[in-house]
Amino acid sequence: MKYYLSSIFVCLALLLQGCGESVATTTKVSDYKGTGSLTQGIAQTTVTNLFPDGHRVAALGTIDSINSQATWAVPAVVNYTNDNFPIAPDLYNDYGHKYTDTQTALSALNEDNIVEVDTDGEVITAYIFADNYFEMYINGVPVGKDPIPFTEFNSNIIQFKVNKPFDIAVLAVDWEENLGTGTELNRNVKAHPGDGGFVAVFKDESNQTVAITDGDWKAQNYYTSPISDLSCLSESGSAHLSTNCTIQGTDDASQLYGVHWAIPTGWQQQGFDDSQWPAANTFTNDTVGVDNKKSYTNFTDIFDDSNNDAQFIWSANLNLDNKILLRTTVNK
Ligand SMILES: [Ca+2]
Ligand SMILES: [Ca+2]
Ligand SMILES: [Ca+2]
Ligand SMILES: [Ca+2]
């Protein structure tokens, strides 16, 4: 009896192990046919926290590819500690100015805040909310970076002087807690995919809107994670798609894959050829989840102007695309 019982346990254990193995081996690196560079598991931390005051740890790391000779910075190479890249003034910042409305934030700016792209240009004012981090260029000139890389959620106002037409180029990063896996502690699991979102409005000196984020922008994704099954990934033209991938969380981030693509040189510059990039996807306020955030709701006269309603934009997957480039040209 004892023998039979232990045999049953051994068989059960083997069965369970077998099941575990079959789950783990449903995806093989050699099955991946895409153009990306794969990584797996947690990156090595290189900077422990860019913003120690923040609720979540905003770290940086590096991770080696498992299918190519590449090392990737995660969540992105950023200019956060680069003193030559200006910090965007606040609309609302839990650790800075908490303006209650657009006019007060605007009044607080002075000449020193205006970044000169063209000395004889007109002053354009940009209003920005990013989940979680952005760096903005106008014709290749850095005009402002997000003062809070991860949390809490903040919003910004940027002024620059430029002649039309001009190109807006933005690096947008959905930050991550478990470096290299696009995940954070959320919904009771240690490694839940975070989501992104970027909205902006640009006004001229006469308060006319000259640009809003919408589906006419271009959006390209350079970092997809977490991926647990490589067969869910696809590509269409230049689009790096993960539409068929799960956005379920897990407590074990060690097996999760990341997919990386190199950012093209000169992407910030005026006239950069983004014609092959996918069009931006638009997302509702509800999907991004901003209705409980003062950094958004204090400025809905700007972000949700009924005559010119700016849309949240991102690449195709708001959850799994974590490092994206956005571009548009302002002509009018
Ligand atoms: Ca931020
Ligand atoms: Ca994400
Ligand atoms: Ca996020
Ligand atoms: Ca809106």
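Mentor: Let us begin with a term that we shall need: helices, of at least four residues, and strands, of at least two, are DSSP runs, and they are numbered from the N terminus. Please keep in mind throughout that this is a predicted model. In this protein chain there are 5 helices and 23 strands.

Trainee: Which elements each supply at least two residues of the lining of the largest pocket?

Mentor: The strands β7, β12 (183-186) and β13, together with the helix α3 (285-288), each supply at least two residues of that lining. The space in the largest pocket comes to about 330 Å³. Of its 23 lining residues, D131, E184, N186, G194 and D195 are the closest to the centre.

Trainee: How should I read a metal site, and which residues coordinate the calcium ion (ligand 3)?

Mentor: For such a site one lists the donor atoms that lie within a cut-off, which is 3.2 Å for Ca. Here the calcium ion (ligand 3) is coordinated by D131 (OD), N132 (OD1), D174 (OD) and D195 (O), at 2.3 to 2.4 Å. Along the chain, these donors follow the spacing D-N-x41-D-x20-D. Distant parts of the chain are linked in this way, since D131 belongs to strand β7 (residues 122-131), while D195 lies in the loop between β13 (189-193) and β14 (197-203), 64 residues apart.

Trainee: Are D131 and D195 buried or partly exposed?

Mentor: D131 has a relative accessible area of 4%, so D131 is buried. D195, at 23% relative accessibility, counts as partly exposed. For the protein chain as a whole, 52% of the 332 residues count as buried.

Trainee: Which residues coordinate the calcium ion (ligand 2)?

Mentor: The calcium ion (ligand 2) is coordinated by D174 (OD), G194 (O), N319 (O) and N322 (OD1), at 2.2 to 2.4 Å. The spacing of these donors along the chain is D-x19-G-x124-N-x2-N. One of them, N322, has a relative accessible area of 0% and is therefore buried.

Trainee: How many residues of strand β23 are buried, and how many bridges join β11 to β23?

Mentor: Strand β23 (residues 323-330) is mostly covered, with 7 of its 8 residues buried. Strand β11 (residues 166-173) runs antiparallel to β23, and 8 bridges join the two; V170 stands opposite L326 of β23. Strand β16 (residues 218-221) is also antiparallel to β23, joined to it by 4 bridges, and the bridge partner of N221 in β23 is I324.

Trainee: What radius of gyration does the protein chain have?

Mentor: The protein chain has 22 Å, which agrees with a compact globule, because with 332 residues such a globule would have a radius of gyration near 20 Å. Along the principal axes, the C-alpha trace spans about 90 × 40 × 35 Å.

Conventions. Residues are numbered from 1 along each chain as its sequence is written. Chains are lettered from A and ligands numbered from 1 in the order in which they are written. This is a predicted model: local features need pLDDT of at least 70, side-chain atom pairs count only at pLDDT 80 or more; totals for chains, interfaces and linings use all residues. Side-chain values use heavy atoms; hydrogens and water are left out. Donors are N, O and S atoms within 2.8 Å of the metal (3.2 Å for Na, K and Ca); water is not among the atoms, so sites may look incomplete. Buried means under 20% relative accessible area, exposed over 50%, partly exposed in between (1.4 Å probe, protein chains only). On a 1 Å grid over the protein atoms alone, a cavity is a set of points where a 1.4 Å probe fits but cannot get out, and a pocket is an open set with protein on both sides within 12 Å along at least five of seven lines; lining residues have an atom within 4 Å of a point. Grid points are joined across faces, edges and corners, and a volume is the space filled by probe spheres set on the points. Two strands pair if DSSP finds at least two bridges between them. The radius of gyration is taken over C-alpha atoms; the globule rule is 2.2 Å times the number of residues to the power 0.38.
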